[in-house]
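Let's walk through this model together, one question at a time.

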Amino acid sequence: MCGIAGTINTPYDAKKVEASLYHRGPDAQHTIEYDNVILTHNRLSIVDISGGVQPFRYQHYSLIFNGEIYNHLELRRHLPQVQFQTQSDTETLLPDRKSV
């Protein structure tokens with residue numbers, strides 16, 4: 001089971017936020033910090049095990065997502081101009097905006 005957590009304007013450090021989710025999602029854990037924001041994601045890899053790293057980042061955008069978009073491949077067919085880099089359903093939510 002995956003887990004997500006985040007803080008804004010709190011005195012926590014990233015290690016405390018990560019530790020709170022350690023028991024969720026055995027396959028990967030990634031955290032981003034930017035100014036006063038910490039986002040962390042523990043992952044149970046189901047779709048695109050190697051390419052679905054979260055928080056997903058593109059330029060100055062970051063996305064943290066827990067769920068599955070079952071029709072993400074169908075949605076991608078409506079964006080033929082986008083060059084997707086992964087098979088992750090998360091990238092379907094935040095594709096390369098230059099090509100859209």
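Buried means under 20% relative accessible area, exposed means over 50%, and partly exposed lies in between, with a 1.4 Å probe and protein chains only. This is a predicted model, where local features need pLDDT of at least 70 and side-chain atom pairs count only at pLDDT 80 or more, while totals for chains, interfaces and linings use all residues. Residues are numbered from 1 along each chain as its sequence is written, and side-chain values use heavy atoms, leaving out hydrogens and water.

Q: What share of the residues of the protein counts as buried?
A: The protein has 100 residues. The share of them that counts as buried is 37%.

Q: Which pattern does the protein follow along the sequence?
A: Helices (H or I, at least four residues) and strands (E, at least two) are DSSP runs, numbered from the N terminus. The protein has three helices and five strands. Read along the sequence, they give the pattern β-α-β-β-β-β-α-α.

Q: Is Thr90 buried or exposed?
A: Thr90 belongs to helix α3, residues 89-93. Contact means heavy atoms within 4.5 Å, and, not counting residues up to four places away in sequence, Thr90 touches Gln54, Phe56, Leu63 and Phe65. Because its relative accessible area is 1%, Thr90 is buried.

Q: Which residues is Thr7 in contact with, leaving aside its neighbours within four places in sequence?
A: Thr7 lies in strand β1, residues 3-8. With a relative accessibility of 13%, Thr7 counts as buried. Leaving aside neighbours within four places in sequence, its contacts are Tyr12, Val17, Asn36, Val37 and Ile38.

Q: Why does Glu68 count as partly exposed?
A: Glu68 is found in the loop between β5 (61-63) and α2 (72-76). Glu68 counts as partly exposed because its relative accessibility is 32%.

Q: How many Å apart in space are Glu68 and Asp89, C-alpha to C-alpha?
A: In sequence, Glu68 and Asp89 are 21 residues apart. In space, their C-alpha to C-alpha distance is 6.8 Å.

Q: Which ring does the charged end of Arg76 sit over?
A: A charge sits over a ring if NZ of Lys or CZ of Arg is within 6 Å of the ring centre and within 35 degrees of the ring normal. The charged end of Arg76 is 3.9 Å from the centre of the ring in question, which belongs to Phe84.

Q: What part of the accessible surface of the protein belongs to carbon and sulfur atoms?
A: Accessible areas come from the Shrake-Rupley method with a 1.4 Å probe; for residues, only the protein chains shown count as cover. The accessible surface of the protein comes to about 6600 Å². The part that belongs to carbon and sulfur atoms is 54%.
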